[in-house]
Each structure stands twice: as structure tokens, then as C-alpha cells.
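Hi everyone, thanks for coming. Let me put today's structure up on the screen.

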Amino acid sequence: ADYDWNVAVIMAVFPDHNDCYRRKTWTKKVTAMDVHYTPVLRCWGPYRSEYRALLKPEGSDAPYPTTPLVLIATGAGCSYLVDFYHYITGNNLKLQRMVQMYFSTRSISMFQWFTDITCPRAIDKFAVNAHLTSHGNVKYEPNPEKSRDSKIGRLSFEEILQNA
């Protein structure tokens, strides 16, 4: 049976921001909507999450990012990695510290989708490590002539942290 999930529970309504950007929070916007004319609830962006710490403060001359970054995601949790990639490429940001993305999925199509988006070109101080897990029927031989590569198998957090 097919189901269309369009029900959400908002546990807390955050007040609008009082900082210099005066942004409105999405929860405040949703509570102000006429729900009779809203067929679905859509949420996106770095409104009230740790993701906001990844953004360069507007007008800042400080190095970006201020520290090296190691960003890790699995499966559908990769959306923030794709958002971050589009953020740095769409704003032509020059990375001054190393940014390493680690992504792991069991889905061949999701693996292909993610790498098609995040690996089309070389970016200074930016690396993508994509892993395809649990596929005994996939055969892959690394190409030592390429500057980028993929792996089949699980991510090793110990290896990630040792290399950071």
C-alpha cells in the first residue's frame, strides 16, 4: 500500500531571531500559515541546527572555515553534505582550511547520485570519501592515475579521526 505522509508535529515554536539578520524561524512561519491551503509541510535549511555553524558569517574577513572540517553522513543523512557543497560552490568560497566529507550508503543509486553532485570537479582543500557498503556483487578496481577514488566497504571512524 502507498502512503502519503504529510503530517508533522511541531514540538516547539522558536521565536524569530533578534540578530542583525532578523530572520524568521520556520516554526513561527508554519504556525502563522492557514493550514487549510497547505497540502504538505516542507522544511529545509539551517534554521535551528548545528548546520548554521558551517556557514561563513556575512561580511567576515576571517579565514573560512576557521578550523579544518570533517563532515560525516550515511544514507539519506547526506543532505547537509550536498547543501554544504552547493553553499561553497554557489558562493565561490575559497577554502582556507581542509574540508573532508565522508559518506557511506548501501544504495548504489544514492552513491551515484551523491558522487555525481559532489565530485564533478577538483576544489582546493576539499576531499570527498564515498563508500558503498554491503555489496558483495560489486567489483571495483582502483585507478591509481585518478586524484579521486571510491571504496567498497564500511567507513572506519578510527581511520577518519586519525587522518583528521
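I'll go through the overall layout, then the core, then some aromatic pairs.

First, a bit of housekeeping: this is a predicted model, where local features need pLDDT of at least 70, side-chain atom pairs count only at pLDDT 80 or more, and totals for chains, interfaces and linings use all residues. Residues are numbered from 1 along each chain as its sequence is written, and side-chain values use heavy atoms, with hydrogens and water left out.

So, the layout. We've got four helices and four strands, in the order α-β-α-β-α-β-β-α along the sequence. Those are DSSP runs, helices being H or I with at least four residues and strands E with at least two, numbered from the N terminus.

Of the 164 residues, 27% are buried, meaning under 20% relative accessible area with a 1.4 Å probe, protein chains only.

Now the core. The largest nonpolar one (buried Ala, Val, Leu, Ile, Met, Phe, Trp, Tyr and Cys joined through side-chain atoms within 4.5 Å) has 22 residues, and F114 and F126 are among those touching the most other members. Helix α2 (79–90) is one of the elements that supply at least two residues, and its six are the largest share.

On to the rings, which pair if their centres lie within 6.5 Å; planes under 30 degrees apart count as stacked, over 60 as edge-to-face, the rest as tilted. The search finds three pairs. Y64 and Y87 sit 6.4 Å apart, centre to centre, with planes at 75°, so that's edge-to-face. Both Y64 and Y87 are buried. Y85 and F126 have centres 5.9 Å apart and planes at 45°, so they're tilted. That pair links helix α2 to strand β3, 41 residues apart.

Terms used. Buried means under 20% relative accessible area, exposed over 50%, partly exposed in between (1.4 Å probe, protein chains only). Rings of Phe, Tyr and Trp (its six-membered ring) pair if their centres lie within 6.5 Å; planes under 30 degrees apart count as stacked, over 60 as edge-to-face and the rest as tilted.
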